[in-house]
Amino acid sequence: MDEETPLLKGRPPSPESRINNSKLFLAVFSAVLGNFNFGYSMVYSSPVLSKFRSPDADPRLRMDTEQAAWFGSIYTLGAAAGGLGAMLLNDMIGRKLSIMMSGVPSTIGYMLLGGAVDLWMLHVGRFLTGFAGGMTAASIPVYISEISHKQVRGGLGSCPQITAVFGALTLYALGLVVDWRWLAVAGELPAVLMVVLLVFMPRSPRRLLSLGRQQEAESALRWLRGKHYDTHAELLTIQHSINTQGRVTWSQLATPIFYRPIIISVVMRFLQQMTGITPILVYLEPIFSQSKVSLAPRYDAALVGAVRLFSVAIAALLMDRAGRKALLYTSSMLMFLSALTLTMISHTTACPPGPAPPNVTVSLDYSSHSDTGNTAAGIIPLISTMVFIFGYAMGWGPITWLLMSEVLPLVARGVASGLCVTVSWLTAFMLTHAFTHLVDRYGLYVPYLCFTVVCVLCLLFNAVCIPETRNRSLEEIENYFRTGRTFTITRSNSTLESS
C-alpha cells in the first residue's frame, strides 16, 4: 500500500472516475426494506389491541391490562436484545449477513402472530419481530454509511428513518381494511423480499478490506460506483482508516474527548424515549379512543402516520440548512406546547375509577367510538398529537441518531453505540409497559404531564450540552470535545499535506 500512496497525491480528476449511483440506490433500497419492516412491526399493536381487549374477542386471546401492557412493550425488549445481538454479528459475519439474518426471527414472529391461538404466541411473536427490528436498526445504518460515498451519504443516511416511518404509515393504512391476522401475513412480505434482494447485493467494501480481501473489495466498490469509476483512491482511504483505527482503553474513557460525547449521546437517547414517543405510537388508537376525538381512532392514526412521514422529509431537507440545535429547539418547543395542551385537555376529563377486576376492561379498552357532539373539543387532541409527532420527527427523532454518529469517537463507536441502543430500548420498554397501568389508574393526564416536563428538560439539555455540528468536520468536532471551547483546529503544513 505504501508504494501506491504517491499515486494518490495530486491525482487530477479523471473523466473515467464518473460515479453511477443506480446500483448503490438498489443496494440501499434492498437494505432499508428491513427498516420498513421495523416501522411496520413496532406499531402493529396499535390497531389490533382493540380486538384483543374487546368483550367479543376469542377467550383464548382476550387480554387484561397487564397482558395488554406486555403485548405493547415486549417488542422494545426484543429490540434491545436484537440491537446487542447485531453488535456481535456485525463483527462476526458482517453487516450484510446480519441484516439478512434478521429475516429469520421476523418471519417466525409474524407466523406466530398470524396463526396465534394462545396468548403466548402473540407475546413471543411480538418479541421476535422486535428482535428483528433491533437487528436491522443497528446494522442497516452502518451498512449504508459504508457503501455510500460522501456526496450522497447524508441523503441516503436519512433513508432508514424515512422508510421506518413509511412502514408505520402502511400498517396504519392497512389496519383500516385488513384483519389483524392478515396484517401479520402482510408483514412477512418485505422481510422475505429484503433477504432475496440482498443475496444479489455486495458486501461492505470496508468489511472486505478489514478481512484482507482486496480483490473482492475492489469488485464490490466498482459494482456500487459503476464501471467507469476509479476505485484506487477510495480503497486507499478506506485502508488507511482501517490501519489507523485502534482500541480504546479504560484510561482513555476518563478523558473529555471520550466521556463527554458518550454522555451526550446516552442522555439524548434517554430523553428521546422519555418524551413518550414510543408508547404514543404503540398505543395510538387506544389513546385516540379515550381522547374522544371527532374521527374514528383508526383514521386518526393513519392521519398521524402521514404527518409523521411528511415531517421526517422536512427534517431531511432542513438538517444541513437550519442546523442541528435550531431544529432541536423547534422540536422541543413544538413537543412541549402540544404535550401541555394534551395535559390540560386530559385533566378536564374524569379519571378512571381505580383498579378494575381482572376480567373487566377499562381505559385502554376500545369500545365503539362515540361522537361527543363537540367538534372543537374532539379535534384538539388530534391536532395536538399531530403537532407532537411533527415536532419529534423534525428534531429529536432523526437528529439524535445523526449526532450520535457525528460526535462518538470512531475507536469507541461500537461499545458506545451499543450502550446507547441498550439505554434507549430499555427506557422504551419500561415506559411503554408502565403507560397502560398509568392510564388505567390516572387517565392520560399523568403520562402527558410527565412528557411535558421531559420536553422542558430537552430544551435545557440542548441549550447547555449539545454542540452545533453543522458544517463541521469530524476532526473539528473531536477538537471541540478535547478543548471544550472551540471547533477551530490549527494545522501545520505537514499535517495538511498528510491529510
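Helix 6 and helix 10 are roughly antiparallel to each other, a label given to angles over 145 degrees, whereas angles under 35 degrees count as roughly parallel, 65 to 115 as roughly perpendicular and the rest as oblique. The model is predicted, so local features need pLDDT of at least 70 and side-chain atom pairs count only at pLDDT 80 or more, while totals for chains, interfaces and linings use all residues. Residues are numbered from 1 along each chain as its sequence is written, and side-chain values use heavy atoms, with hydrogens and water left out.

**Overall content**

The protein has 25 helices and zero strands. Both are DSSP runs numbered from the N terminus, with helices being H or I of at least four residues and strands being E of at least two. Of the 499 residues, 51% are buried; buried means under 20% relative accessible area, exposed means over 50%, and partly exposed lies in between (1.4 Å probe, protein chains only). Among contacts with a separation of 6 or more in the protein, 83% are between residues 24 or more positions apart. Contact here means heavy atoms within 4.5 Å.

**Helix pairs**

Axes are lines fitted to C-alpha atoms, for helices over the stretch in contact, and angles run from 0 to 180 degrees between N-to-C directions.

| Pair | Angle | Axis separation |
|---|---|---|
| Helix 6 (residues 103-114) and helix 10 (residues 180-198) | about 165° | 8 Å apart |
| Helix 15 (residues 256-274) and helix 23 (residues 445-464) | roughly 155° | within 9 Å |
| Helix 2 (residues 22-42) and helix 10 | about 160° | 8 Å apart |

Helix 6 passes helix 10 in a left-handed crossing, a term for the case where the near helix is turned anticlockwise from the far one by less than a right angle (clockwise is right-handed). On the helix 6 side, the contact involves Gly103, Ser106, Thr107, Tyr110, Met111, Leu113 and Gly114; on the helix 10 side are Trp180, Arg181, Ala184, Gly187, Glu188, Ala191, Val192, Met194 and Val195. By class, the contact of helix 6 with helix 10 has nine nonpolar, five polar and two charged residues. In this scheme Ala, Val, Leu, Ile, Met, Phe, Trp, Tyr, Cys and Pro are nonpolar, Asp, Glu, Lys and Arg are charged, and the others, Gly among them, are polar.

Helix 2 and helix 10 pack at an angle of about 160°. Helix 2 is therefore roughly antiparallel to helix 10, and the crossing of helix 2 past helix 10 is left-handed. From helix 2, the contact takes in Phe29, Ser30, Ala31, Leu33, Gly34, Phe36, Asn37 and Tyr40, and from helix 10 it takes in Leu183, Ala186, Gly187, Pro190, Ala191, Leu193, Met194, Leu197 and Leu198. The contact of helix 2 with helix 10 divides into 13 nonpolar, four polar and no charged residues.

Helix 15 and helix 23 cross at roughly 155°, which makes helix 15 roughly antiparallel to helix 23. Their crossing is left-handed. Ile264, Val267, Met268, Leu271 and Met274 of helix 15 meet Phe451, Val454, Leu457, Cys458 and Phe461 of helix 23. This contact of helix 15 with helix 23 has ten nonpolar, no polar and no charged residues.

**Individual residues**

Val185 lies in helix 10 and is partly exposed, with a relative accessible area of 35%. Its C-alpha atom is separated by 6.0 Å from that of Gly114, 71 residues apart from Val185 along the chain.

Met201 sits in the loop between helix 10 and helix 11 (205-210). Met201 is buried because its relative accessible area is 7%. Leaving aside neighbours within four places in sequence, Met201 is in contact with Leu26, Ala27, Ser30, Lys96, Tyr143 and Trp223. The C-alpha atoms of Met201 and Ser30 are separated by 8.0 Å, with the two residues 171 residues apart along the chain.

Phe166 belongs to helix 9 (residues 159-174) and is partly exposed, at a relative accessible area of 41%. Apart from its neighbours within four places in sequence, Phe166 is in contact with Phe36 and Leu309. Phe166 and Phe310 are 144 residues apart in sequence and 9.7 Å apart in space, C-alpha to C-alpha.

**Cysteines**

A disulfide is a covalent bond between the sulfur atoms of two cysteines. With the criterion of a pair of cysteine sulfur atoms within 2.5 Å, a search of the whole structure finds zero disulfides. Cys159 counts as partly exposed at 23% relative accessibility, and Cys450 counts as partly exposed at 40%.
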